[in-house]
Amino acid sequence: MVGPMGGETRKPRREAILLTAAIGLVLSAVGILIGLWIDWFPAQGSTQADDIDTLWDVLVICSVPIFVGVTAVVLFCAREFRQKPGEEHLDGPPIHGNTKLEVVWTAIPALMLVTLCGYAAVVLSNIEEAPASGQENRVAVTGEQFTWTFEYTGADGTKFSTNQLYVEQGKSVRFDVRSKDVIHDFWVPEWRMKIDAVPGITTNYRVTPTKTGIYPVVCAELCGLGHAFMRQSAHVLPPEKYAAWMQRMTERQTAGAAPAADGAGGQTASADGKAVFTQGVGATGATACGACHALADAGTSGATGPNLDEALAGQDAAAIKASIVDPNAKITDGFGEGIMPANYAETLTPAELDALVRYIADATKK
Ligand code: HEC
Ligand SMILES: [Cu+2]
């Protein structure tokens, strides 16, 4: 057939269309199966997680055929309409709009978008709903380069803060999230929920943790050099342990800083310097030193900070203590400022700090 400009309008072969459609269908089915089969997320740890995972699966089911369909049309056209020898000087046929086609290809995606957005909005409003009883815990979360701080209010109104998160299993907890400097993002993958910490405003979400245990708290927004180390732990305690922990923390606050046991691990009151170094337990759950520092005696191999066997050889306890409570006063050559948490003087009890310093001084004495 010869078009008005002399170019040939080629009709695609019917079998080629059918073949492409068949391959597209098979690949869509395979893609969906693979998408559903992959274990994208860690085990569910909150009542919110199931709805979110279902939403994810529905999105996978809808988007795989769209991706495969678009790719199939592109490949089909490249093959079916490619230039043949001798056609180099021919103009393609002039193209006029096709109203019917345009209405269809606008209406279908619009309908899909509205449906999926509507569904997502319903899921969001369901999982964000306040508990019917009106009873929930509250934790104020503050992000800063490069650490999270969690503030709680005890039954008597006493406030205290920790740098590991403690929450109660089976009870809704509402997080009010702030940032002191740049944008961070408060995320516990097992709970699925995640929200930006934005300077100047307070954002919030709630979860009901279902499983006890220790889960990572992750910053999910690139926030500077130490972003990758902005990781702490969320401890989900059974109700009676949570209540005991709350009480201990409040008493400790009102009674002055007497060394207190850690609510999660049932640590004894006598501080163990090596445990603080390797596990970072501490009364309020300070970050483990071993996560960033290698120390042969403790068997740790962190490489974010200096190797302490080398860096501290020949330093006395007082110098070591000064480096811990005020890490930015003197920066070790080759390492960045502001990466080591500067609040160990607050997050460790005096007894823990002393035990830690004694332990490190002993361990690095040659
Ligand atoms: C997030 C990573 C991180 C954590 C956690 C951390 N540090 Fe550091 N530390 C660093 C970095 C980086 C430096 C080097 C920069 C500086 O001097 O501030 C450093 C420096 C030091 C120094 C000074 C070394 C020297 O050359 O004199 C000591 C001592 C030290 N840390 C001990 C500790 C102890 C003890 C803990 C746990 C209570 C700890 N650090 C936790 C990252 C960390
Ligand atoms: Cu961050």
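Good morning. The model is a predicted one, in which local features need pLDDT of at least 70 and side-chain atom pairs count only at pLDDT 80 or more, while totals for chains, interfaces and linings use all residues. Residues are numbered from 1 along each chain as its sequence is written, chains are lettered from A and ligands numbered from 1 in the order in which they are written, and side-chain values use heavy atoms, with hydrogens and water left out.

I begin with the whole protein. Its secondary structure comes to 9 helices and 12 strands; helices (H or I, at least four residues) and strands (E, at least two) are DSSP runs, numbered from the N terminus. The radius of gyration is 30 Å, well over the 21 Å that the globule rule gives for 366 residues, so the protein is more spread out than a compact globule. That radius is taken over C-alpha atoms, and the rule is 2.2 Å times the number of residues to the power 0.38. Along the principal axes, the C-alpha trace spans about 95 × 55 × 35 Å.

Next, the helical spans. An unreviewed UniProt entry lists residues 16-38, 58-78 and 103-124 under "transmembrane region"; such annotations may be inferred rather than shown by experiment, and the positions follow the numbering used here, with feature names shortened. Residues 58-78 are 100% helix and 0% strand, with end C-alpha atoms 31 Å apart. For residues 103-124 the model likewise gives 100% helix and 0% strand, and the end C-alpha atoms lie 31 Å apart.

I turn now to the strands. In general, strands of a sheet pair through backbone hydrogen bonds, either parallel or antiparallel. Here, two strands pair if DSSP finds at least two bridges between them. What is the order of the 5 strands in the open sheet? The order is β3-β2-β1-β5-β8, with mixed pairing. Strands β3 (159-162) and β8 (203-207) stand at the edges with a single partner strand each, so one side of each is left without a neighbour in the sheet. Within the sheet, β1 (residues 137-144) and β5 (residues 173-179) run parallel and are joined by 7 bridges; A140 has D176 in β5 as its bridge partner.

Finally, β6 (residues 184-187) and β7 (residues 194-197) pair in the antiparallel sense over 4 bridges. They form a hairpin with 6 residues between them, and R192 in the turn has a positive phi of about 75°. Strand β6 also pairs with β9 (residues 213-219), in the antiparallel sense over 2 bridges. Thank you.
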